[in-house]
Amino acid sequence: MYIFKNAWVSITRNKGRNIFIGIIILVIACATSVTLAIRSSASSLIEAYENSVDLTVSIGMDRSNMMGKFDMSSESSREEMMKAFQNVSSITIDDFELYANSNYLKDSYYTISVGLDSDEMEAATSSFGNGDRGGMGGNKTTITNTTSSGDFTITGYSSISAMTEFISGNYSIVEGEVPTDFDSNYCVINQELAELNEISVGDTIKFVNSNNNKTYSLIVSGIYTEKEDGTSGMSMFSNSVNNIITNANYVSNIASEDDDLTSSLTPTFVLNNKEDLNAYEEELRNKGLSEYLAINTNSEEVENATSTISNVSSFATTFLIITLIIGGVVLLVINMINIRERKYEIGVLRTIGMKKKMLTAQFMIELLVISMVALLVGAGIGSFISVPVSNSLLASEIESSKNESNSIGQNFGGNMNQAQGGQMAGGGNAPTNINFGGVSVQAYSSIDAVVDMKVLGQLLLVGIGLTILSGLASMISIQKFSPLTILKERT
Amino acid sequence: MKEILKLENVGYRYSDADANDFVLKNINFDFESGKVYAIKGKSGSGKTTLLSLISGLERCSEGKILFKEEDLGNIDLDYYRSNHIGIVFQSYNLLPHLTASENIILSMDISKVEVDDKRAKAIKLMESVGLPASYADKRILRLSGGEQQRVAIARSLSYNPHIIIADEPTGNLDKETENEIFDILKNLAEKENKCIIIVTHSDNLAKRSDIVYELKNKSKKKKDD
């Protein structure tokens, strides 16, 4: 069709005007490309994290539910509530195994704690006294039954996954290593406790149940330090310095053999799919989980962990919208000026019989060709610019995550340092393990993940859409031009 | 000979003018093929308005204009302008970013006239109005006024229209060139049987025309030569 030929001739023979329009679109395309690239990168990172982090379920006392069922203004009712509270049975290993036996789960683990005294060791004390923190899964809602009247809390872990304090870096090994044999009687102790009692790695420490004088021995395989002050966040009867860390089998064995010991179990269940939460809760209720026990998840942790990236994405979205609005208005004004400049041409073409729709189509083709060229060049420049921009926005996050990941290995010490720390290494163009809130996930540290066909497609769509919209508005003015008036004005 | 164009009680007033404020009133002109018509009149007499009505750039407020007995009010004026009417302006109205031949070819494209080799035809038309083939690829602004007007005439002939309307076609040209341009138009009437309508101030052109219509005080006077 002749309008294509005519459009091409018009583009190539009016270089100054078209280069000016092209530069404007180029600037818009560059800004749009950068913001789209940042959005895409942030989305990839969040998606990678959400896909990598499991939804975990823990079980805790549902106090609000319990209090809602009793009249708190009545003394008798309050007594009934206290009775009900005491009657809510702790989770046992049998319960755990029952709940863990589900098709909705891909993993499960627990910690189990008992309280013991020692005739040979002096417990660390603080102004707050001593007691129990409720196990290593302490950052999750747990049933914090007071486990004992002992000076020391012996906490056993069912697996490495359960050792969230080491994974998060709150605890880290300074000497020796965390025992990986879950049938042994090895343990790790707090550095402060070790110094207080002059205990070294390889020493055997003994505990006693004061109720029946039964004794238990553990071999120290490692000494750890705690990032936070051990007295913080404790109950009135505990000091985390006195927390002795061993495996769950050891603790459950002594608890089952010693009737005078009371244990506390903190379970964690890992769901196959995030969508299975409601179904799994229903299954737990059907299996007898008390109505006074609530199902808690780590979904809030996931949101908190990705909030920084989400903020970057939101910023990019806002910037994109502003860019498009300003760019659209600028493009619209330039198009209208362009049309006014070409009034004479419009008048001549209309006079010799060119239909308005053909004229509009020709002008639109010209604008689209200029836009496409500018968008492609802009995408290239924009993607080049987006490398440093995106990286600078994400660099601090990635760097801190890398440091955190590397430090996890050091927290475990010994073999775990190689096993975990080695996996955390990454960089260059390879996917890197990024640590969010103590959980390692894969994400891209390279800009290769930012600039892709998806971004290019989005840019072209946005650019063409913007061009058509701004072009259409100015094309409407073509319809209003009278060829006779235009030619009279020129004469 | 049967008229190709007939104006019956044509009147025109601007849309924002008073009801009785007509620029043209009761115009009854007939135009036949093979003749050169001159429309004369003082400034403000409505010559250009009449031309715009005949060429389908405006629609009349009263009466009707019949092209081959068909009312212009009932036909597609874009098609009418691109196929049946050739318009030549005083200021040429060529597209400056195109060459001489491209201006002519564009007109052929718009009219959708079927031509095997449009460039060859454009060059042939240029030669017919006294322009050498070497001018075909010259940009319009590199041509003189007379040369541009010849290109404009060649363009108006490119789709073989029945009527050529020329608005002060020699207004910007010297006497010698004026005669040359008129000869071309006269030749088209005599040899190609075109109806040539010239709006002019020039007494010289009026005298050489077959029929002169004079617009005076919103009325017309016919003066056969």
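**Figure 1. T318(A), an exposed residue of chain A.** With 11 other C-beta atoms within 10 Å, T318(A) counts as exposed; the cut-off for that label is 12 or fewer. This is a predicted model, so keep that in mind for every view here. T318(A) sits in helix 10 of chain A, which runs over residues 299–341.

**Figure 2. Chain A as a whole.** Here we step back to take in 15 helices and 12 strands. Chain A has 491 residues, and buried ones make up 41% of them. Now take the contacts in chain A between residues at least 6 apart in sequence: 83% of these join residues at least 24 apart.

**Figure 3. Where chain A touches chain B.** Chain A brings 18 residues to this contact and chain B brings 20. On the chain A side, the elements giving two or more residues are helix 1 (2–13), helix 11 (343–351) and helix 15 (483–490). Helix 1 of chain A gives the most, with five residues. Sorted by class, the chain A side has eight nonpolar, six polar and four charged residues.

**Figure 4. Helix 5 of chain B, largely enclosed.** This helix covers residues 145–157, and its 13 residues reach 19 Å from the first C-alpha to the last, close to the expected 18 Å. Because 11 of the 13 residues are buried, helix 5 of chain B is largely enclosed by the rest of the structure. Among the buried ones are E147(B), R150(B), V151(B), I153(B) and L157(B). What do they pack against? The buried residues of helix 5 meet strand 7 (85–88), helix 3 (100–111), helix 4 (118–128), strand 8 (163–167) and helix 6 (175–192), which belong to chain B.

**Figure 5. The largest nonpolar core, and another one apart from it.** The largest core holds 108 residues, and the ones touching the most other members are M126(B), L185(B), I196(B), I197(B) and I198(B). Its largest share, 15 residues, comes from helix 2 (residues 15–52) of chain A. Zoom in on I196(B): leaving out residues up to four places away in sequence, I196(B) touches V36(B), Y37(B), I164(B), L185(B), L188(B) and A189(B).

Methods
Residues are numbered from 1 along each chain as its sequence is written. Chains are lettered from A and ligands numbered from 1 in the order in which they are written. This is a predicted model: local features need pLDDT of at least 70, side-chain atom pairs count only at pLDDT 80 or more; totals for chains, interfaces and linings use all residues. Helices (H or I, at least four residues) and strands (E, at least two) are DSSP runs, numbered from the N terminus. The expected span of a helix is 1.5 Å times one less than its number of residues. A residue is buried if 20 or more other C-beta atoms lie within 10 Å of its own, exposed if 12 or fewer, and partly exposed in between; C-beta atoms are placed from the backbone. Two residues are in contact if their C-beta atoms, placed from the backbone, lie within 7 Å. Ala, Val, Leu, Ile, Met, Phe, Trp, Tyr, Cys and Pro count as nonpolar, Asp, Glu, Lys and Arg as charged, and the others, Gly among them, as polar. A nonpolar core is a set of buried Ala, Val, Leu, Ile, Met, Phe, Trp, Tyr and Cys residues joined through C-beta atoms within 7 Å.
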